[in-house]
Amino acid sequence: MSRQPSGELTPHAPDASATGLNDAALSALAIFAEPKTFRDGVTQLESMQPGSASAAALDTVCELVERGWLIPGARTARIAQAASATRMPRGMFGCPSQTLEQALQSDGAQVLFVGMPYDKGATGRKGSAGGPAYIRQCSKTAFDYTEQAGRAQGWWHPFGQRRVLEGVRFADLGDLVVGEGPRNDDDFDRIYDVLYSLFQAGRFPVLLGGDHSVSLPAITAAATLHPGLGVIHFDAHGDIGALDDMGDWRRNCSHGNFMSWVAANPNVASVHQFGLRHLTPDAPHRPDKVCSYWGDGFLDHLDFILDTLPRDRPYYLTFDVDCLDLAVVAQTGTPVPGGLSYKEAARALGRLASRRIVGMDWVELMPAASADDYREGTTVSYLMFETLASVFSARGAEA
Ligand SMILES: [Mn+2]
């Protein structure tokens, strides 16, 4: 993070002593026990350590911010407002709307949908900013969420011959505000802050994109709270390049390269990519922790792949709809033929959901040209519903 964060910073965990931070970092954290701005904190650290170069104080605080030990504190109220600014009477799958504040209370819902109508990170066709509204509109065809006396009713699953998602409460936070500023700026801070607070409260966030770059702040938030995070990535494209060529994410991150910074995050232990098939002029760059499965061959080896995904690891799922075949979903910025069928994707997601998934995003879906064309939104909604059903079945329907 090369840019100094605005607003006041505060430590994200009260007790950092057990985590192997060095003395300089610990005394810097202590300074921020009383929230203060980046600049004030650095100045105070310099004055406390006479003789130390001011660059060292700056580095220490920068690293604390970058690794998520210091987080924006004064922003919470503004974020809550931003998140609820476009609330609708009923949200994804017809579920009730909640403010972030309500969602974070002890009786808040378990699954929280958050829309991000953002496509500043799309390098080609724009339009995925319309994704959240479109998929919400289509989603009730797949599943119409209901509660009785505060208990989620779930739905009957014809293949599983059982009710799924019974007792798992859903709520929709609405869309986050997208500002007028440049890409990767305040919009990303908002995604980070909202998802961070949901992860911290033990909620299961479902981010509705938006172009794929919105996953960077979402995964960063997940990795900060769940160090050792695994990322499960469905996509036609790897979205990754050599980090040395990428530079500053604030300036350069787009939907086509965001995974470079995800993979470089020390809190991310692994990235597994499925469905890749886009042609590139050169052999792709892959850091060691990234494992890519090309095309649909992985479907024959799901048992083997699952054995390579440790059970005790938390995972974040990011699903780019262009991993699906062009004939299944064409309303996406960079469609590629030869992708997964609906059934193939559902089977793979169902198996991978046996791992502990802590949150997910669904990105790159664009609205249909015609207002009454629900086909692709319905397809993606079904897949999302199936995935949620698998995730919460695997958890033993904790509710
Ligand atoms: Mn992508």
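## Helix packing and burial in a predicted model

Of the 399 residues in the protein chain, 47% are buried, where buried means that 20 or more other C-beta atoms, placed from the backbone, lie within 10 Å of a residue's own, exposed means 12 or fewer, and partly exposed is in between. This is a predicted model, in which local features need pLDDT of at least 70, side-chain atom pairs count only at pLDDT 80 or more, and totals for chains, interfaces and linings use all residues. Residues are numbered from 1 along each chain as its sequence is written.

The protein chain has 14 helices and 15 strands, taken as DSSP runs (H or I, at least four residues, for helices; E, at least two, for strands) and numbered from the N terminus. Of the contacts between residues at least 6 apart in sequence, 72% join residues at least 24 apart; a contact requires C-beta atoms, placed from the backbone, within 7 Å.

| Helix | Residues | Buried residues |
|---|---|---|
| H8 | 215-225 | Ser215, Leu216, Pro217, Ala218, Ile219, Thr220, Ala221, Ala222, Ala223, Thr224, Leu225 |
| H13 | 342-352 | Ala345, Ala348, Leu349, Leu352 |

The buried residues of H13 fall within an arc of 95° seen down the helix axis, so they line one face of the helix. The arc is taken over the directions from the helix axis to the C-beta atoms. An α-helix has 3.6 residues a turn, so residues three or four places apart point the same way. Cover for the buried residues of H13 includes strands E11 (229-234) and E12 (268-276) and helices H12 (302-307) and H14 (375-394). H8 is mostly covered, with eleven of its eleven residues buried.

Helices H1 (residues 23-31) and H2 (residues 38-48) pack at about 125°, their axes 10 Å apart. H1 and H2 are therefore oblique to each other, given that angles under 35 degrees count as roughly parallel, over 145 as roughly antiparallel, 65 to 115 as roughly perpendicular and the rest as oblique. Ser27, Ala28 and Ile31 of H1 make the contact with Gly41, Gln44, Leu45 and Met48 of H2. By class, this contact of H1 with H2 has four nonpolar, three polar and no charged residues.

Val178 lies in the loop between strand E9 (170-175) and helix H7 (186-200). Val178 counts as partly exposed because it has 18 C-beta neighbours inside 10 Å. Leaving out residues up to four places away in sequence, Val178 touches Pro117, Tyr118 and Asp187.

Notes
Contact = placed C-beta atoms within 7 Å. Axes fitted to C-alpha atoms, helices over the stretch in contact; angles between N-to-C directions. Nonpolar A, V, L, I, M, F, W, Y, C, P; charged D, E, K, R; others polar.
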